[in-house]
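Try each task before reading its solution.

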Amino acid sequence: MSETAFPINDLLHRKLQTGITLISLTLCVASTLFLLLFSEKIGFGILSTVEGKLTYGFSVVFSQFMVFLGVLILVTGAIIISFIIFVMMSQRILDIGLIKGVGCPNDLIFGYFMTELLIIASIGCCSGVFLGIITDLASTSLLTGFQVSQEPPNFWLALLVFCLFFVLALIFGAKPILDSTRIEPAKAISPTHYFGLGQEGEFRVMSKSGLTLKLALRSLFRRKSATIRIIICLSAVFIFVTVAVAGGIIADKTTKSWVENAIGRDVFLIAHKNMCDHYQLLLSKFYGANEDSHFDYTNEQYLVCEDMLNQLNMEPGITNVDTRLVLEAHVEEVQNYTINPETGATIPVGDGRKGESLIVGVDSDKAISKWFFQGKSLEKNQAWNAMIGDSLAQKMFDLPLVQSIRIFDNDFSIVGVCLDPIANGNVTYVPLQTLQNVTGLSKPNIVMIKIDPAVNRKETLDHMREKIETVNPEFMIYELNEALDKDLYFLSYIWSTIMFLPLFSLTSASLCLIGYVMLAVAEQRQEFGVLRSVGAKPKTLLNIVSVQNLVVLLSSYAIGISFGIIITLLILVQKPLVTSYMILEIAGWLLVSLAATFIMSLYPAVQFSKKKISEIMT
Amino acid sequence: MKAIKDVVSISSLYKIYQTGDFQIEVLKDINLKVGKGEFVVISGPSGSGKTTLLNIIGSIDKPTSGKIVVFGNDLLAKDEDFLADFRCREVGFVFQSYNLVSTLTVAENIAFPMEWIRKPENQIEKGVAELLEIVGLQHRANHFPSQLSGGEQQRVAFARALANDPPLFLADEPTGNLDTKTSQKIVQIFQKLKVDGRTVIVSTHDPQISQLADQKVYLEDGRLVSLNE
């Protein structure tokens, strides 16, 4: 047999083990590459946080999340590869011992198994890169409606991930091969060595149910090295899964609540037709739409007349009438001074930066929006206060809460920074009366209303439409739910895509566990044969392996979930929105992941229990 | 010794292993009847099919064709759960390589077949103590198999095989791995089994065990030849 024929034939003869190793490696590479490629395309990736989509505040949540997932996925991938290679080599130590026993030199054995490792690493990394690119293309093509970059994938990233995992696989694989080739043949063929078995303790005779438990636990703790490795591997996977699932759900709901509260649910916009269309456009900038930069907000036709406002105020089914004046203006950062808390010295803040911003005059008492903000919101008696959007704050200000913004040559003190999807966070809210005074525009150009849920909605709307048409047929009622739902759907899509990643890792982890169970079953093969020959039913063997798998899974699960929840709540999401329904949802998903992993892990045991006793004992 | 009733009845039994394009006929047209209380010794060269025949009688393996009836049960017609129960209650099997469960102590190795048939705990403890006394290993009750010698492990295997007081006792080369002195102790156990009137089928080359035989059969190239006629 030639030197290349042995490794190839060996891999082909061990189809299941080879397949498991290849699939695990493929999934690790694919999930890492997909995360990098996808995050780069939606514009708030690990590599850079760029403008264009989502407001700055939302981008921060996403990019923090992506960075954490990126780190975790890399660590998990490395641990999975290390484990799967360890299992692969543990199953070969006996063969290495036998080959050495018949006189094969060490360097030849090392060559055989390194060739196997190179074949596995090359095929696994190549197919992982391929799968990662395909998944990225599939995901981004589904996002066409949201103007996400449809450029071809960054192949440099693909090369980087390929090299990284290829090197990792070689490093993790070369050591056990080298160790195995160095051990004496007698040790290599001893189960104590290749299964890492330890010394037994002393136990009493126990009941039937105790026997299954005892056999399971003693075998489990006998394979200390493999058991500890699989627990570490699965713990890392469950941390990742928890951060992705629990963090994803919490962040999804939290960010959605920010958007929903800023726009308002069941809110109707009453404005001139052109203004309505433009306002929709402003809201859709959140997911990357381009606005009409020449829109004339101050057009007299767009102003809401007194008569219409009176009609709306008199309508019995309306609970809120929120009048606003929306403009676009040149804004300027006003320099200020602050005190360095460490030195006590006075330091200047701001560079006098200039830019364009959407300016919204709002009556703070009647505002329907409930923004998520830092600092404080606008107050009725504070005429020269302003609250700015997070993107504007990031773009033009160093310490916005101690600075002022100059609009129409008037300085407004910035009291708050809010998250608002309108104009993608490039917005400044000021008191309506002040804005009217400084612009000379005495009327608002949009009105937002909320209808009393107790009244007949359709009838009220029809009635209002009639009245509005009577006053000005160019005006219309537009339900903001449609625009709101588009913004929310965009957030949902991104979060659900991120949540797709744990599937890759879970599958890899399940394959690792299958590898471990194969090792465990191989180690207990003779004992299982004995048990069957003296009367154990196939399900008894299945029970023993199930107990072992459960112990391993639950230990890893406890570690993984604890760390995962801590990371999610303390680090990833500020002021997380956690409801009891969300806790149930998270618990449900995590339990499904546990159950799925557990069921998959039983595959080798189920296959084994179907074997004839004579086959087992051969 | 006259058999009252056939405990084992084998007719036209074949066992063929398929390896790729090759077929290996391990057992060919085996016909054998073993009566209650009979002591049967099977001998034959290595690879003649002794272990396969014992495995088939003990329901550990299945023949390719033919018929095997043990205690009136057609083993080929039974499902795996029935056979597991059958092995636990009706058959005691001693393997050439001891085959003890390494994670269980000597006492636990003897006890677990009793636990499977749900014997009360006090009966299990009593039974284990009695069996340990029979095989002379009371002082080793809490040791693990790895702490025992080959002869001691084989005696534990005998005790385990007798745990549920099976009416049929099968042993595959029980002294094959043991020295003469240790083998002597095993022979003593067989003598006791014979005195107790238990049905025993043993494959062996040990002349001391062969002397106990009521029926001697010889396997060669998968064919059975009676040495009694």
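**Exercise 1. Two helix pairs in chain A**

Task: Work out which handedness the crossing of α17(A) and α18(A) has, and how the two helices are oriented to each other.

Solution. Start with the handedness: α17(A) and α18(A) cross in a right-handed manner. Keep in mind that this is a predicted model. Next, take the geometry: helix α17 (residues 538–572) of chain A and helix α18 (residues 580–601) of chain A have axes that come within 11 Å and cross at roughly 150°. Angles over 145 degrees count as roughly antiparallel, and α17(A) and α18(A) are therefore roughly antiparallel to each other. Now look at the side chains that line up here. From α17(A) come A:Asn549, A:Leu550, A:Leu553, A:Tyr557 and A:Ile561, and they meet A:Leu590, A:Leu594, A:Thr597, A:Phe598 and A:Ser601 of α18(A). Sorted by class, this contact holds seven nonpolar, three polar and no charged residues.

Task: Repeat the analysis for α5(A) and α6(A), which pack with their axes 9 Å apart.

Solution. The angle between helix α5 (residues 106–141) of chain A and helix α6 (residues 155–182) of chain A is about 155°. By the cut-off used above, α5(A) and α6(A) are therefore roughly antiparallel to each other. The crossing in which α5(A) passes α6(A) is right-handed. Among the α5(A) residues in the contact are A:Phe110, A:Phe113, A:Leu117 and A:Ile133, while the α6(A) side includes A:Phe162, A:Phe165, A:Phe166 and A:Leu178. The class count for this contact is 19 nonpolar, four polar and no charged residues.

**Exercise 2. The domains of chain A**

Task: Find which domains chain A is given, and how many residues domain 2 and domain 3 each bring to their contact.

Solution. First, list the assignment: domain 1 (1–194), domain 2 (198–262 + 491–618) and domain 3 (265–479). Second, take the spacing: the centres of domain 2 and domain 3 of chain A, taken over C-alpha atoms, are separated by 51 Å. Third, count the contact, to which domain 2 of chain A gives five residues and domain 3 of chain A eight residues. On the domain 2 side, these residues comprise three nonpolar, one polar and one charged.

**Exercise 3. Where chain B touches chain A**

Task: How many residues of each chain are in contact, and which helix of chain B gives the most?

Solution. Begin with the totals: 24 residues of chain A are in contact with 30 residues of chain B. On the chain B side, α2 (80–89), α3 (106–116) and α4 (121–134) each supply at least two residues. The most come from α3(B), with seven residues. By class, the chain B side has 13 nonpolar, six polar and eleven charged residues.

Task: Decide how α3(B) and α4(B) lie relative to each other.

Solution. Their axes come within 9 Å and cross at roughly 130°. That makes α3(B) oblique to α4(B). The crossing of α3(B) past α4(B) is right-handed. In this contact B:Ala107, B:Ile110, B:Ala111, B:Met114 and B:Glu115 of α3(B) meet B:Ile124, B:Gly127, B:Val128, B:Leu131 and B:Leu132 of α4(B). Eight of these residues are nonpolar, one is polar and one is charged.

**Exercise 4. Reading the confidence**

Task: Find which elements of each chain have the lowest and highest mean pLDDT.

Solution. Take chain A to begin with: its mean pLDDT is 80, and 88% of its residues reach 70 or more. Among its elements, helix α8 (residues 191–194) is lowest at 52 and strand β10 (residues 427–431) highest at 92. Two stretches of chain A deserve a look: the pLDDT is below 50 over residues 43–52, which have 22 contacts beyond near neighbours in sequence, and also below 50 over residues 195–208, with 33 such contacts. Where pLDDT is low, predicted coordinates should not be read in detail.

Chain B averages 87, with 97% of residues scoring at least 70. Its lowest element is strand β10 (residues 223–226), at a mean of 82, and its highest is strand β8 (residues 199–203), at 94. To finish, note the scores of the model: ipTM 0.80 and pTM 0.70.

Key:
Residues are numbered from 1 along each chain as its sequence is written. Chains are lettered from A and ligands numbered from 1 in the order in which they are written. pLDDT is the predictor's confidence in each residue, from 0 to 100. Helices (H or I, at least four residues) and strands (E, at least two) are DSSP runs, numbered from the N terminus. Two residues are in contact if their C-beta atoms, placed from the backbone, lie within 7 Å. Axes are lines fitted to C-alpha atoms, for helices over the stretch in contact, and angles run from 0 to 180 degrees between N-to-C directions. Angles under 35 degrees count as roughly parallel, over 145 as roughly antiparallel, 65 to 115 as roughly perpendicular and the rest as oblique. A crossing is left-handed if the near helix is turned anticlockwise from the far one by less than a right angle, and right-handed if clockwise. Ala, Val, Leu, Ile, Met, Phe, Trp, Tyr, Cys and Pro count as nonpolar, Asp, Glu, Lys and Arg as charged, and the others, Gly among them, as polar. Domain bounds come from an automatic or database domain assignment.
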